[in-house]
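Visitor: I would like to go through some of the labels attached to this model and hear what each one rests on.
Guide: Then let us look at it together.

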Amino acid sequence: MRKLTATWSVLAITVLALAGLTPAAQAAPEDIKEALGRVPGLTVVSENPAPTGYRFFKLTYTQPIDHRRPGAGTFQQRFTLLHKEFRSPTVVYTSGYNVGESPNRSEPTQIVDGNQLSMEYRFFTPSRPDRPDWGKQLTIWQAAADQHRAVEAFKRLYPGKWLATGGSKGGMTATYFRRFFPNDVDATIPYVAPNDVINSRDRYNRFLANVGDDPACRSALKAIQRDVLTRRSEFAALAAADATKNGYTFTTVGSADVSLEISVIDSYFAFWQYQRQSDCATIPKPGAPAAQVYAWFERVESLNTYSDQNLGAYVPYYFQAAYQLGAPESYEDYLRDLLRYPGRNVSRTFVPKSVDIPRFDHLAMPDIDFWVKSQGKRLLFVYGGNDPWGAEPFQLGFGTKDSYSYTVPGGNHGARISQLPAGQAAEATNTVRRWAGLPPVSPGVSTRSVPAGFPDFDADLSLLHRPRL
């Protein structure tokens, strides 16, 4: 028997040698950079420093301008890759906007301790065709098809479990991707993803009228809004000085005065979106020095938010909101006696007139909503209790399977699994790990530890601050 085993060993070595391999070469791990170089259409732009145990790459990937007409041309879409191990789970992440250019880990990536493929949403500069046809090429299906092609390409390198995630518009994007290509990933974890299927003003307005635990906070916000609009010329002068300093113009919305008014209206929504209940104490009192009030608005909602320069990067979002995504109407009735431009705070206002917007697609969001309720599986939604975008959330339905929805009490637009009550956080964490093919985390063991060199992912929320979404 020993002689037979030895004979087979010699035979195996001979076969490997004839194939140009040796046992040592066969066992050697492939270099990720070499592997990336063999993916058709993928370009490694650079490898950048990363925390110990990881490698970080900036990439571009060739995508069809129109997935329904592959011969219509291509464009280069930006990606980044945080590589840990080929066999680790992989998370595909998007903010729904531009891609971040530094190594970072979304919460699901932290939970599964895996790889992360991050992608830029189409039409966000520079991931934009030279001659874009917005109505045909910037749709939720076209963006989902981008993600589908990328995941299919990278599965050649990463054969393990795949998860999709994103926050805010990125959470919506992850959900839409799953609806159109339900078998591409094993599970989806959308964060603070609005679902404007009804596009109802009343639902958002009811939420905003009662948000938070303290009616006095809501009253203080409304009072400072009225104060600014009453002292409009005083604050307009401060905003104008700031605009001159920064070279701001206001062609898209029409004037600096329009921008100021919309920013004041938006400040109520923005406060609850990004601030915390404890920040109610920072709200200035009516009559406070203008410089003090202006500085507070700079932190919550700049009075120059809607300059051409600040809007420019987010035009693709506002186009989609006006075409397919929908958006809440402005919460402004209590200010109506002070408004010069009532009803102007709508998505179309923020899209340059040179961009044609097709008639609103009333079927897009109901289709997604129905799929989640009737066919969705392995979905885990996370919302913030005080976040206005949670006024109309995705809801699980009669056909949804192995799916969950959690709300962080008092949470804002940065709500995370780790902020849930301990029992729910553990439950959600272990659900994500189960979907990734990993064992549950033992009680008391944190998955939120950040390895040396990684910032806390919550810092990345700054990417979402300019548009309300």
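**Labels and their grounds**

Guide: Arg78 is buried, with a relative accessible area of 19%.

Visitor: Why is Arg78 called buried?
Guide: Buried means under 20% relative accessible area, exposed means over 50%, and partly exposed lies in between, using a 1.4 Å probe and protein chains only. Arg78 has 19%, so the label is buried. Before going on: this is a predicted model, in which local features need pLDDT of at least 70 and side-chain atom pairs count only at pLDDT 80 or more, while totals for chains, interfaces and linings use all residues. Residues are numbered from 1 along each chain as its sequence is written, and side-chain values use heavy atoms, with hydrogens and water left out.

Visitor: What makes the contact of Arg78 with Glu120 a salt bridge?
Guide: The term needs a side-chain nitrogen of Lys or Arg within 4 Å of a carboxyl oxygen of Asp or Glu. The closest N and O atoms of Arg78 and Glu120 are 2.6 Å apart, so the pair qualifies. The pair links distant parts of the chain, 42 residues apart: Arg78 belongs to strand β3 (residues 74-83), and Glu120 to the loop between β5 (115-119) and α5 (134-137). Helices (H or I, at least four residues) and strands (E, at least two) are DSSP runs, numbered from the N terminus. Glu120 is buried as well, at 0%.

Visitor: Why is the pair Cys217 and Cys280 called a disulfide?
Guide: A disulfide here is a pair of cysteine sulfur atoms within 2.5 Å. The sulfur atoms of Cys217 and Cys280 are 2.0 Å apart, so the pair meets the cut-off. The link is left-handed, with -85° about the S-S bond. Cys217 sits in helix α9 (residues 215-230), and Cys280, 63 residues apart from it, in the loop between α11 (256-274) and α12 (290-300). Cys217 is buried at 3%, and Cys280 is buried at 14%. A search of the whole structure finds one disulfide.

Visitor: What makes the span of helix α7 close to the expected one?
Guide: The expected span is 1.5 Å times one less than the number of residues in the helix. Helix α7 (residues 169-180) has 12 residues, and its first and last C-alpha atoms are 17 Å apart, close to the expected 16 Å.

Visitor: How many residues of α7 are buried?
Guide: In α7, 10 of the 12 residues are buried, and the helix is mostly covered. Among them are Lys169, Met172, Tyr176 and Arg178.
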